[in-house]
Amino acid sequence: MDKANNVVSIVDLDAGREVAQVPTGKNPHEVAVSPNGRSAVVSNYGSQEPGNSLSVIDVVNKKNTKTIDLRDYKRPHGLEFINDNEVLVTSEATKTLLKVNIKSGKIVEIAKTEQVTSHMVAYSKSDQRAYVANIKDGTVSVINVAANKFLNQIYLKPGIEGIDVSPDGKELWVANSIGGRKR
């Protein structure tokens, strides 16, 4: 990802080299690849003016096929595919988690996190729950994606950024950018 030049790179891992650069929207931040590996979605975060779009990339043909307008949902950031056609997207500026259909280009569901700086998202297929890391509030929002229902907050400490869930859905892993050892 090259934020300054508004492109995402496609890399051939076997050859160990970049095979294409694909244009995105302004100041791309995150990328997620669909389970079948044919599509990728990039969050266009914006710079001075907040971004509000996603770029849909055809990985096979190495081109940007669509820009999805997220309307009032600004500062899209974290991305996680839940199937080949739907992706979860955090909107940092609006304290929400969106479910977007990349085929239709439409927002199909909106869930409130009610937390400041809803940043990254992890999805558990085993229980269809999304876990959203909220940096400033230091919480993780738990959302039942199948029912589009907020379940609860897990309270930790400010600085929560990275997040993932174990493949069996039994463990949640959270990284904090502020923590560390005191000297």
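This is a predicted model: local features need pLDDT of at least 70, side-chain atom pairs count only at pLDDT 80 or more; totals for chains, interfaces and linings use all residues.
Local features need pLDDT of at least 70, side-chain atom pairs count only at pLDDT 80 or more, and totals for chains, interfaces and linings use all residues. Residues are numbered from 1 along each chain as its sequence is written, and side-chain values use heavy atoms, with hydrogens and water left out.

**Sheet**
- Strands are DSSP runs (E, at least two residues), numbered from the N terminus; two strands pair if DSSP finds at least two bridges between them.
- Strand 3 pairs with strand 4 (residues 39–46) over 4 bridges, in the antiparallel sense.
- The bridge partner of V33 is A40 in strand 4.

**Salt bridges**
- K99 pairs with E109, with the closest N and O atoms 3.5 Å apart.
- K99 lies in strand 9 and E109 in strand 10, so this pair ties together parts 10 residues apart in sequence.
- K99 is buried at 12% relative accessibility (buried is under 20% relative accessible area, exposed over 50%, partly exposed in between; 1.4 Å probe, protein chains only).
- E109 is partly exposed at 21%.
- D127 forms a salt bridge with R129, with the closest N and O atoms 3.9 Å apart.

**I178**
- I178 is found in the segment after strand 16 (172–176).
- Beyond neighbours within four places in sequence, I178 is in contact (heavy atoms within 4.5 Å) with P158 and G159.

Conventions
A salt bridge is a side-chain nitrogen of Lys or Arg within 4 Å of a carboxyl oxygen of Asp or Glu.
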